[in-house]
Amino acid sequence: MNSNPSMETIFSEDGPLTILPGYEFRPQQRAMAAAIGRALENRKHLVVEAPTGIGKSIAYLVPAILYAKAEGRKAIVSTHTKNLQEQLLRKDVPIVRSLLDEPFRAVAFKGRRNYLCTTRLARALKQQKRLFDSGEYDQLRRIDEWSRTTPEGDLDDLPFAPTGSVWQQVSSEKGACSPTICEPTCFFQQARIRARHADLVIMNHALFFTLFALKESEESLVFENDFVIFDEAHTLEQVAGTGIGKTLSRSQVLFALHRLYNPSTKKGLLARQKMKARKELIAGATEAVGSFFDAVAQVVRNAGGRAQTLRVRTPGLVADSVTDVLRAVQRAVEDCSSIDSMKKEKDELAAANRLLWEAEVLIREFLEQSDPRATYWVELSPGRSGNLMLRTAPSSIAESVGASLFREGTSVIMTSGTLSVAHSLEYFQNRLGAGSAETLILDSPFDFQQQMRLQLVRDIPPPTDSGYEAQLPEELFRAIMQTKGRALVLFTNTRLMNQMADLLRDRIGDEGLTLFVQDGTVNRHHLLEKFRNDISSVLFGLDSFWMGVDVPGEALGHVILTRLPFAVPDHPLMEARMEMIAQRGGNSFMEYTLPEAILKFKQGVGRLIRSRADRGVVTILDSRIVSKRYGSLFLESLPPSGREILLGDGSTVDLTADYS
């Protein structure tokens, strides 16, 4: 008999949550949990904007577990970041366990490439002389030692970073790692069994949409009877396109060939002397692949400019000089499987051949452009690596995913702190094809009138004006000194950020402040830790610092936005989506560019107030928020707070009454 307390009891003012350290009753959390409970019971879809401080993780985990246990259904929680996956499993799930009397099974699940396959490891150890050089074998030996103590075989737990060529030989791979091939000790097969039998599975968006695309195959872990909760749902459109789309790189194809035989190292599954003809065939295919991708790269360079991305609008970008060669290699490998001396390598040969088959199909599809609903483009890696990717993705997620994801008879719950535009969730719903979903926009638990002041700088040229960059250093320095550092400065352009850092570094240092810059010399996590630990510092950050950054307390008292975050429409998917709007007679700026900028703007401003104790200032160094008609839409997207215009002489005009 189910003896769990009711939702009303759990989220009541004197309920069991009150025993948690620092807990405060939040009516928004109770409202969110109740709405999710109703949506699950009625098998409806729901979109919830839940601002920071509500406690949304507990608000969706409790009704999800109660419903999953009562109905015998699996709850899938999908997040954007590994950090939130870990937080849910390590911090939030134990809290939910303490609230419920009935036990439940919760697991985190990752893509198969994250897991060690002990069957493939055993094969690699036996074939080490043919597959690895001495340095690679040392890595293989260390992985073998680790495999004897690791509980889950997760790459993130490996105490060193193996090279891709080694890990790809021992990680789980379709065809070479399956229930019929592997021993029960295989870490991926164990993880899949745990996920199949769990009440709650926590994964990331990219994996969800990869599995969703495979939902009719045995690879899928997304069943018809499951329901899903998307946290950090503001990233769904971007990630869904990647998960459902297709990517093929030069390095992927070369790895598949070199796994069979690498002409440079003389290593590979077919490295034996008696395989001379096949080795020559693979060497020729390696050369053909290099020539094909070189031809594609030359087309990108010939397009002019410094762009590393080229949208491909018509079939036949280059001549197909490679698919017949790849098919010939596949036939040769298939013949090898019948040779007695190669039977032990049958599974590995089949897996390698599958990669070649996929490469052949993707190249042919890319050159033919057979799907009118897709966008095709080429990405050329910067620097000396020379890697190049052929990419395909659905132009419209609403059309490609919406109908099958938001189907009847189940529930899809979507939540994030920033989903609404002009107090409506319609834009978000339309982008995903979630028009049938119910909606809920919750108030923030924070008192922004008391906690935040918004400063708008009027007397600076707009960013499109040549005078903007000349005046920006002084405006930045004045803003930074207003709070004596403790400032996160958000940029939308790498060149401008580095230019401002060079101009201001000495002046900031002379004031006793430390300047941290996201220039690639220190990884994002360590840069953020340095900023958190130094209350006399300033951090200049780019795109990844506009969202997902949490710096509560004294270290952050000022967020400075150098410009409104309008995206430059130079990415092929963005171009395609804007073209679709224009083709039906719409206004792409008002219907796409502006709403996207408002959502990112809200994310950036949201970095400041992360707890009830936080106080601070947000400064907008883009005069368009005052001078342009659309500027009011940005301001209306924020909660009411103290607001003022900062004039060129340092005086201010209070706007609080106009926006309260």
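**Helix 12, its two partners, and the spaces around them**

In this predicted model, helix 12 and helix 13 (residues 276-302) pack at an angle of about 175°, with their axes 10 Å apart.

Student: Why is helix 12 called roughly antiparallel to helix 13?

Tutor: Angles over 145 degrees count as roughly antiparallel, and the angle here is about 175°, so helix 12 is roughly antiparallel to helix 13. On the helix 12 side the contact includes Arg 250, Val 253, Leu 254 and His 258, and on the helix 13 side the residues include Ile 282, Val 289, Phe 293 and Asp 294. By class, the residues of this contact divide into eight nonpolar, three polar and two charged.

Student: What makes helix 12 roughly antiparallel to helix 15?

Tutor: Helix 12 (residues 250-260) and helix 15 (residues 346-368) pack at an angle of about 150°, with their axes 9 Å apart. Because the term applies to angles over 145 degrees, helix 12 counts as roughly antiparallel to helix 15. Helix 12 also passes helix 15 in a left-handed crossing.

Student: Which residues of helix 12 and helix 15 meet, and how do they divide by class?

Tutor: From helix 12 come Val 253, Phe 255, Ala 256, Leu 257, Arg 259 and Leu 260, which meet Glu 348, Leu 349, Ala 351, Ala 352, Leu 355, Leu 356 and Ala 359 of helix 15. The contact has 11 nonpolar, no polar and two charged residues; Arg 259 and Glu 348 are among the residues in it, and since Arg and Glu are of the charged class, they belong to that charged group.

Student: What lines the second largest pocket, and which residues lie nearest its centre?

Tutor: The second largest pocket, which holds about 1800 Å³ of space, is lined by 47 residues, with Thr 210, Thr 247, Gln 252, Arg 354 and Glu 358 nearest its centre. Helix 12 and helix 15 are among the elements that each supply at least two residues of this lining, and helix 15 gives the largest share, eight residues. By class, the lining has 19 nonpolar, 15 polar and 13 charged residues.

Student: How do you know that the lining of the second largest cavity has no polar and no charged residues?

Tutor: The second largest cavity, with a volume of about 40 Å³, is lined by Phe 209, Leu 236, Ala 240, Ile 397, Val 401, Leu 405, Phe 406 and Leu 432. Ala, Val, Leu, Ile and Phe count as nonpolar, so the lining comes to eight nonpolar residues, with no polar and no charged ones. Helix 16 contributes the largest share of this lining, three residues.

Notes
Residues are numbered from 1 along each chain as its sequence is written. This is a predicted model: local features need pLDDT of at least 70, side-chain atom pairs count only at pLDDT 80 or more; totals for chains, interfaces and linings use all residues. Side-chain values use heavy atoms; hydrogens and water are left out. Axes are lines fitted to C-alpha atoms, for helices over the stretch in contact, and angles run from 0 to 180 degrees between N-to-C directions. Helices (H or I, at least four residues) and strands (E, at least two) are DSSP runs, numbered from the N terminus. Angles under 35 degrees count as roughly parallel, over 145 as roughly antiparallel, 65 to 115 as roughly perpendicular and the rest as oblique. A crossing is left-handed if the near helix is turned anticlockwise from the far one by less than a right angle, and right-handed if clockwise. Contact means heavy atoms within 4.5 Å. On a 1 Å grid over the protein atoms alone, a cavity is a set of points where a 1.4 Å probe fits but cannot get out, and a pocket is an open set with protein on both sides within 12 Å along at least five of seven lines; lining residues have an atom within 4 Å of a point. Grid points are joined across faces, edges and corners, and a volume is the space filled by probe spheres set on the points.
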